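The following paragraphs lead the reader through a structure by way of its side-chain contacts. Please keep the sequence and the model in view while reading.

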Amino acid sequence: MASGRDVRDMLGLSVGGDAQKTAVQKRPKTTAPTRRIQGVAREVAALYGERPPPVAIFEEKKAYRAKRQSTGPAKRWVQQSFTNQARIDDLMLKHWRRKPAPQSAITNGEDSAMEDTENMEPFIESNAEFLKYNVEPEMPTFTDEEYDAHLRSSDWSREETDYLFQLVAAFSYRWAVIWDRYDYQPSANSSLAVQEPSINGDSSQALAALPFAPSKTRTLEDLKARFYEISAKLMKLHIPEVQMDADQYAKYEMLAKFDPALERTRKTLASALMNRNMDEVKEEEFLLAELQRINMAANRLDAEREELRSRLEAPVPNQQVAAGLTAFTSSQALQALFQQLFQQDRSKKRASGGAPGRLSLAGSDILATPTSAQHAQIAANRRQSMATLPPPTPIRNLSPQEEIRYNVSTHDRLTSGVTFGSDKLLKMRQAKSNVQTQKIAAALQQLGISDLISIPTARVADVFEGLIGKVGKLLDVRKVREKEEGECRVLESMKARLNGGGGADGAQVDGAADGEKLMKDEIRDSQEDVEDEDEDEDDAAREDDADAYGEPDDVDNDVDADAEGDDEDEDAEGEEDSRAQSVRQPSESMSTRHISAGHKRSASVLSQASTKSSKRVRK
Amino acid sequence: MNIPNSSTAPNTNEYAGDEVSAIVLDPGYNTTRAGFAGEDVPKSVCPSFYGQTDSDSGPQYLFGENAIHTPTARLGIKNPWGSDGIVEDWETATKIWEYAITSRLTGTKPTDPAKNGLNDANGDSMEVDIEALENQEKPLEDSPLLMTEPGWNTVKAREKYLEIAMEEWGTPAYYLHKTGTLAAFASGKASGIIIDVGASHTSVTPVLDGMVLRKGVQKSPLAGNFVSNQIRLMFKQSSPEIPLTPHFMVNSKTQVDAGAPSQASMKVFDIPPLDSFRRHEEERVLTEFKESVVEVWPGPGRFSNGTNEEIAKAQPGRPFEMPDGWNQVFGSERFRVAEGLFDPAAALHDADNPIPKADHCIPRLVQQAVSHVDVDARPMLLQNIVVTGGSTLLYKFNDRLNHEINTIYPSTRNKLIAPGPVVERKYAAWIGGSILASLGSFHQLWISKKEYEEHGANIVEKRCR
Ligand SMILES: Nc1ncnc2c1ncn2[C@@H]1O[C@H](COP(=O)(O)OP(=O)(O)O)[C@@H](O)[C@H]1O
Ligand SMILES: [Mg+2]
């Protein structure tokens, strides 16, 4: 880089004198502010020259280091006697404490030493610092009268009860310790006192006649049962049940409901659980992992099925109600809902002049059962939908006939550019996956629709679109059916295994036939909405059905279903069915719209019932 | 200004401490530990053995490491502990404990141990000094005393402890605590199962919230001394028999080949010490052997299972040299001598030393202890298994214990807590006592002299639960 000097050189100005001058001028400037680095010998510092040293030097003074403060002469410590306030006796112990600073200003050594001997002697510190750790457990208390009136027990003497209470207090409710240390020896005089009445009889008889067996071994549950029983009774005595607040009542309930037998079985189970051997533990781990896997698979399947059904049901199910269904599974939620509806109803009534509506709610219904609450929910739903739907805004609409006549079509959105109708049709044939595309093509072929549609007008395209949609649904249904068939097979084989080898060959075939019918019904049910208008397609679907059944028929034959004569099993099945149906019920009653959906959903369940009934008929 | 670091003592406020210069005394079969509460190691670790020489003027007692290892004429070595793990000879036990306290802790206040006759071979001064001792201030006049006791201590023994402390040592305050609980405290646990493998006894103590569950306390004689005995048997049963010569008999040794007979010159005593002295000295060699050679089969499975013995044989041996120069490399037999702790059936035995009871092995003790505890507390206890005692320092002891416990209880989470430092493992009970007695909140528990005088020795039952 060109410095000023170079420039001067180039311009032919004299270099020497000026440079000298600046150097001379600068020297004092630079040297003046340089502080002498401390802790470095002057000779060494001189070696650095003018430039800063190549290594950063940290001055010792600046380095972090706790400063040793001079706090005057060494502090005196004394062995201070103190008493502990947590003790009842006045045990005096000594600990080291800073000697308190002398009150007088005299700091003279001799004087303070004098003071030492004078002042320290009488001073005794009273230490309450650790008093807070001296906690006593809260115990129920009773008087003799209370005991005699309410707390007597044929199994427990007063003395032993007191002993139990002592232990509970001593070990602060640590039941494991209480039980461990429980060693009740009835004192001589008390047993004498009891024996006195029967003193004439022989002593062993007298002992046997005692209201309680002396020094019998008590289990932890016995101890707890006695203590809780007394606690509960005392609680009730001191605070009547109605006056207890929630916490107290919960505690009371817990105490009153203690069941030693149940507790004992629980402990037996717990110890059995702990004493499992290695193999059992391994097996359990394995089974748990398996269960999780199965659950995940089931969830996935359910989700798929759900998705499909939502596609099959053209009208989107009432979201609000569906949400309501899940939200109102608990009686609490239902109660809340009812309250809300009741309020609505009342306000409406007031508005309409108090005339009771057909579906009005009465206050007496508040404490109704969940089912009645559901009815109310339906009513409210209806009412709500009536109330909230805005009246259709009149737009100049052409009637469908007119539309056809004038060939007018309305579009939500128009795409720019020109498209061929045949392209549109072709596009519809294509699905995401190749296999699906082929399947669609095969279905169309079966329906006798040629690859090329000669006059692809808009109307043809519309119909074709509808058709393709149905074909898609059909294919999905087929897929699910296959899956469900597989599931049925698994279940049936499980059932068969449960029944043992009871099923004869004939029964097996029958069972298989049953299973098949069952599946057919199911499929038909679930296809109800597919087969509603287009006859051709419906036929095709039935054809397909038959085709599809070709394979599982063979498979089913070697899966043995339940033996016909097995009444017990059928009963069980019936129970299950009715349960399933009762579970459905709320959803069916939720809304009319939903009822159909619900019906379809429960199709498999219903069909099961129907097969069973048909079986009965056959019998 | 005090910058806290690992070597500065914590502020007493931090742990609610309030030190009153209490003394903690942890008497064991092998050693007696004593020190000031609040310190991290006992200052005074004295052997629990004492020397006795019988002269015309009656028996004389010798205490302390130096005295009992000096081969004095007609010196016999004894131990005040009974075979049931409870003190038997109260008189000497008191003296040993007093020695442990006064020799290092309270200093020369009562009388100098060098002069008080306790260690004096000269019989004449004995009585004089004992009388003098009685006139003197008592040794613990201003130190509260916390003592430890085994979990199975009898009521009588506990009362005796209290009497000794109050009457003979004049302590102003006293407390008695079980070793199990204290060992748990030393590991920072208030609940757990404490496995203590000491010299004379192995004990398993379930502790819940700082209180011993008495029904669950288990003990067995399979501990350090048992292992020593096994080693003796192993020496005896090998062919040729392995000679066991203690240090004090050897004058000088020369190096010999492995397995070759020793060529050492022996010391000659005019009047040799008694056999019990020799046995005690042999025990020292055996402890050395335990420390450097013996190994516990680490598992899985027992040493005698399947091919385990072959696997052990394939491992390199460990050499050992006796004080007289005899030396050998010990192979798989070094596993065998400790196997009895876990598998009594595999223990070495002969006519005098029968096979120990199967119930006495450590896994069984643990099982027994756990089965006596309420079911709900079991899993929690098994998560805190504290291992303590000198014999747990046997190589691979913890590995094996871990395997054994996991085999018994495969379904619970079992965790062994074994402090690494040797001091903490050996003196866990003392350290726990040191922590406890330095806490401010502990001071309300002391049995004061006044209370003792009012209620008598029986108060220990009520207060030290
Ligand atoms: N490093 C070690 N390896 C094996 N055993 C040892 C070791 N150190 C000490 N021991 C043994 O431990 C026992 C002493 O343990 P300790 O807990 O101090 O017993 P006590 O409490 O009965 O005095 C002795 O039998 C001794 O041989
Ligand atoms: Mg011990």
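**Charges, rings and the interface**

In chain A, the charged end of Arg218(A) sits over the ring of Trp156(A), 3.8 Å from the ring centre. A charge is taken to sit over a ring if NZ of Lys or CZ of Arg is within 6 Å of the ring centre and within 35 degrees of the ring normal. This is a predicted model, in which local features need pLDDT of at least 70 and side-chain atom pairs count only at pLDDT 80 or more, while totals for chains, interfaces and linings use all residues; side-chain values use heavy atoms, with hydrogens and water left out. Residues are numbered from 1 along each chain as its sequence is written, and chains are lettered from A and ligands numbered from 1 in the order in which they are written.

Arg218(A) also has a charged partner. Asp155(A) forms a salt bridge with Arg218(A), with the closest N and O atoms 2.9 Å apart; the term denotes a side-chain nitrogen of Lys or Arg within 4 Å of a carboxyl oxygen of Asp or Glu. The pair links distant parts of the chain, 63 residues apart: Asp155(A) lies in the loop between α5 (144–151) and α6 of chain A, and Arg218(A) in the loop between α9 (203–208) and α10 (220–238) of chain A. Helices (H or I, at least four residues) and strands (E, at least two) are DSSP runs, numbered from the N terminus. Are the two partners buried or exposed? Arg218(A) has a relative accessible area of 6% and is therefore buried, whereas Asp155(A), at 27%, is partly exposed. The cut-offs are under 20% relative accessible area for buried, over 50% for exposed, and partly exposed in between (1.4 Å probe, protein chains only).

Side chains of opposite charge can pair when their charged atoms come close. Over all chains, the structure holds 45 salt bridges. Another of them joins Glu253(A) and Lys257(A), at 3.2 Å from N to O. Lys257(A) has a relative accessible area of 60% and so counts as exposed, while Glu253(A), at 29%, is partly exposed. Elsewhere, salt bridges that share partners join Glu221(A), Asp222(A), Lys224(A), Glu263(A), Arg264(A), Arg266(A), Lys267(A), Asp374(B) and Asp376(B) into one network.

The interface between the chains comes next. Chain A and chain B bury about 3400 Å² between them, 59% of it on carbon and sulfur atoms; buried area is the accessible area (1.4 Å probe) that two parts lose on being put together, summed over both. The contact (heavy atoms within 4.5 Å) takes 41 residues from chain A and 46 residues from chain B. Between the two chains the count is six salt bridges. Lys267(A) forms a salt bridge with Asp374(B), the closest N and O atoms being 3.0 Å apart. On the side of chain A that touches chain B, two or more residues come from each of β1 (77–84), β2 (92–98), α6, α7, α12 (260–274) and α13 (278–312) of chain A. Of these, α12(A) gives the most, with six residues.

A further salt bridge joins Asp209(B) and Arg174(A), with 2.6 Å between the closest N and O atoms. This pair crosses between chains, from the loop between β10 (202–208) and β11 (211–212) of chain B to the loop between α6 and α7 of chain A. Asp209(B) is partly exposed, with a relative accessible area of 39%, and Arg174(A) is partly exposed at 27%. A charge and a ring also meet between the chains: the charged end of Lys215(B) sits over the ring of Trp179(A), 4.5 Å from its centre.

Leu91(A) lies in the loop between β1 and β2 of chain A. Its relative accessible area is 8%, so Leu91(A) is buried. Leaving aside residues up to four places away in sequence, Leu91(A) touches Phe82(A), Thr83(A) and Asn84(A), together with Pro172(B), Ala173(B), Trp446(B) and Ser448(B).

Aromatic rings provide the last topic. The structure holds 31 aromatic pairs over all chains. Rings of Phe, Tyr and Trp (its six-membered ring) pair if their centres lie within 6.5 Å; planes under 30 degrees apart count as stacked, over 60 as edge-to-face and the rest as tilted. Tyr163(A) and Tyr184(A) form a tilted pair, 5.4 Å centre to centre with 45° between the planes. Both Tyr163(A) and Tyr184(A) are buried. In chain B, the ring centres of Trp97(B) and Tyr161(B) are 5.4 Å apart and the planes stand at 80°, so this pair is edge-to-face.
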